[in-house]
Amino acid sequence: MLARSRSQQRMFILASIAFFLGTASINALHFYSVATADASGSAAVASQEPTLEDQEHGYELVLQREPDNQVALKGLAATRIEMNNPKGAIAPLEKLVKLNPGQAEYATLLADAKQKAGQ
């Protein structure tokens, strides 16, 4: 009877070890798959961010429909300045100054853009 009990204990211990290793392996695989999915998902999100050219084109489309849209004018000017195109920023800044003659910020940005463009 004692021999049978020892053999059952060994089987129980071996089964417990196998169960422990199995669950640990499954959890490790799950963790690895989640980590790699997050890494590839964040790369996909980063690639979906609009480029400066996309932003510029978007502002131009808005201004075709609404030529006096001040948000689009300011965004277009800022985007072109960020693209190192101060000459392209002059026209939208001039329109902003014309629409808002009392706002010194636009006049300052226009003067800076003209200076950078060499005018």
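Helices here are DSSP runs of H or I with at least four residues, strands are E runs of at least two, and both are numbered from the N terminus. This is a predicted model, in which local features need pLDDT of at least 70 and side-chain atom pairs count only at pLDDT 80 or more, while totals for chains, interfaces and linings use all residues. Residues are numbered from 1 along each chain as its sequence is written, and side-chain values use heavy atoms, with hydrogens and water left out.

View 1. Reading from the N terminus, the order is α-α-α-α-α. Of the 119 residues, 18% count as buried (under 20% relative accessible area; exposed is over 50% and partly exposed lies in between, with a 1.4 Å probe and protein chains only).

**View 2. Twelve residues make up the largest nonpolar core.** A core of this kind is a set of buried Ala, Val, Leu, Ile, Met, Phe, Trp, Tyr and Cys residues joined through side-chain atoms within 4.5 Å. Its members are Leu63, Ala72, Leu73, Leu76, Ala77, Ala89, Ile90, Leu93, Leu96, Tyr106, Leu110 and Ala113. Helix 3 (70–82), helix 4 (86–99) and helix 5 (104–117) each give two or more of them. In soluble globular proteins, nonpolar side chains tend to be buried together.

**View 3. Helix 4 and helix 5 pack with a left-handed crossing.** (That means the near helix is turned anticlockwise from the far one by less than a right angle; clockwise would be right-handed.) Their axes come within 9 Å and cross at roughly 155 degrees, taking axes as lines fitted to C-alpha atoms over the stretch in contact and angles from 0 to 180 degrees between N-to-C directions. The pair is therefore roughly antiparallel (an angle over 145 degrees). Zoom in on Ala113 and you'll find it touching Pro86, Ile90 and Leu93, leaving aside residues up to four places away in sequence.

**View 4. Glu56 is a buried residue, at 15% relative accessibility.** Look for Glu56 in helix 2 (residues 52–65). Leaving out residues up to four places away in sequence, Glu56 touches Leu76, Thr79, Arg80 and Met83.

**View 5. Asn84 sits in the loop between helix 3 and helix 4.** Asn84 counts as exposed because its relative accessibility is 68%. Its phi is near 60 degrees, a positive value in a residue other than glycine. Most residues other than glycine have a negative phi.

How values were computed: Contact = heavy atoms within 4.5 Å. Parallel < 35°, antiparallel > 145°, perpendicular 65-115°, else oblique.
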